[in-house]
Amino acid sequence: MRRLLASALLPYARLRNTFSPGLRILMYHRVARLTAYDQLTVSPERFDQQMQQLAAHKVVSLEEGLQALRAGPLREPLFAVTFDDGYLDNLTEALPILERHRIPATIFVTTQFCDQALSHPRYGDPGAQRLHLDWDEVRRLARTPGITIGSHTRTHPYLPTISDAMAQQEIALSRTEIAGHLHAPVSFFCYPSGDLGPRELALVRQSGYAAAVSVAPGVNRQDADLYQLKRTEITDRDDEAQFRLKLAGAFDPIHHLLHARRTRRFAQKHLKPSASFEATTL
Ligand SMILES: [Zn+2]
């Protein structure tokens, strides 16, 4: 149904891309073979197919994308690739595919996941199998041409729900910690689950980041807020035809509606202090 609607919207999306192209930032999490479908995991075969398709377009690093946005209206659509949470499979599965297709990418790491002190709750106790990159691996990735490391906080909390002091640590200290491990500055931030309020925006700006990405859908044009860059979520269900529709932005109107509903639900939940809290999903 969604695909049908997106197909109907494709001519309109194509027109917009021609007359007002933007920077589309793709959002990935894991590249792995799992036994059951997981919204945040793309199989290596699917990822390879998607990167092959993407390579026909102009793919840039986040930094190049930002420079282009700052320089004025874009002349052609640009694409950037991002990964959240710092999964080990980003190195073992995604990197060889990215390198083969010469696609740059930014990986947002959570420092205590890299410390192996915590792991993303979505995947339970990973047991003997390590879920997240360790610092040696993050350094290896940072040295790889085309790969940028960004911050995704220290513990992956819902930022708007924690104290001012904690929010400051999650946003500013994570940047310092990652920079210490990499011996290089960290320019980009990614809000866990995409949830942010005015306080988070202010803290990210004050902490010295050049830009930050959210999970709000859509494309970024010259008027984009660099601290709330929009992204397009890609899943394992995005076969060739559907991936093409997503790249063209034909899914954007549908994703805007879904995102508005999700944001409303999040706000409602937090207006009720007694409301129970769901586990982090992104
Ligand atoms: Zn995350």
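**Legends: threonine 235 and its setting**

**View 1. Contacts of threonine 235 across the sequence.** Apart from neighbours within four places in sequence, threonine 235 is in contact with Tyr37, Gln39, Val42, Gln50 and Lys246. The view is drawn from a predicted model. Threonine 235 itself sits in a loop that runs between β10 (231-233) and α9 (240-248).

View 2. The relative accessible area of threonine 235 is 9%. Because this value is under the 20% limit, threonine 235 is classed as buried. Its side chain reaches the backbone nitrogen of arginine 237 at a distance of 3.1 Å.

View 3. The protein contains 10 helices and 10 strands. Among the contacts with a separation of 6 or more, 70% are made by residues 24 or more positions apart. Of the 282 residues, 52% count as buried, and threonine 235 is one of the buried residues.

**View 4. Overall dimensions of the protein.** The C-alpha trace spans about 45 × 45 × 45 Å along its principal axes. The radius of gyration is 18 Å, which agrees with a compact globule, because such a globule with 282 residues would have a value near 19 Å.

**View 5. Surface and charged side chains.** The protein exposes about 13,400 Å², of which carbon and sulfur atoms supply 52%. There are 34 positive and 30 negative side chains. The centres of these two sets lie 6 Å apart.

Conventions: Residues numbered from 1 in each chain as written. Predicted model: local features only at pLDDT ≥ 70, side-chain atom pairs only at ≥ 80, totals over all residues. Heavy atoms only, no water. Helix = DSSP H or I, 4+ residues; strand = E, 2+ residues; numbered from the N terminus. Rg over C-alpha atoms; globule rule 2.2 N^0.38 Å. Buried < 20%, exposed > 50% of the residue type's maximum accessible area, 1.4 Å probe, protein only. Contact = heavy atoms within 4.5 Å. Areas by Shrake-Rupley, 256 points an atom, 1.4 Å probe, with all protein chains shown as cover. Lys, Arg positive; Asp, Glu negative; His and termini not counted. Charge placed at Lys NZ, Arg CZ, Asp CG, Glu CD. Polar contact = N/O pair within 3.5 Å; in protein donor to acceptor, adjacent residues only side chain to side chain.
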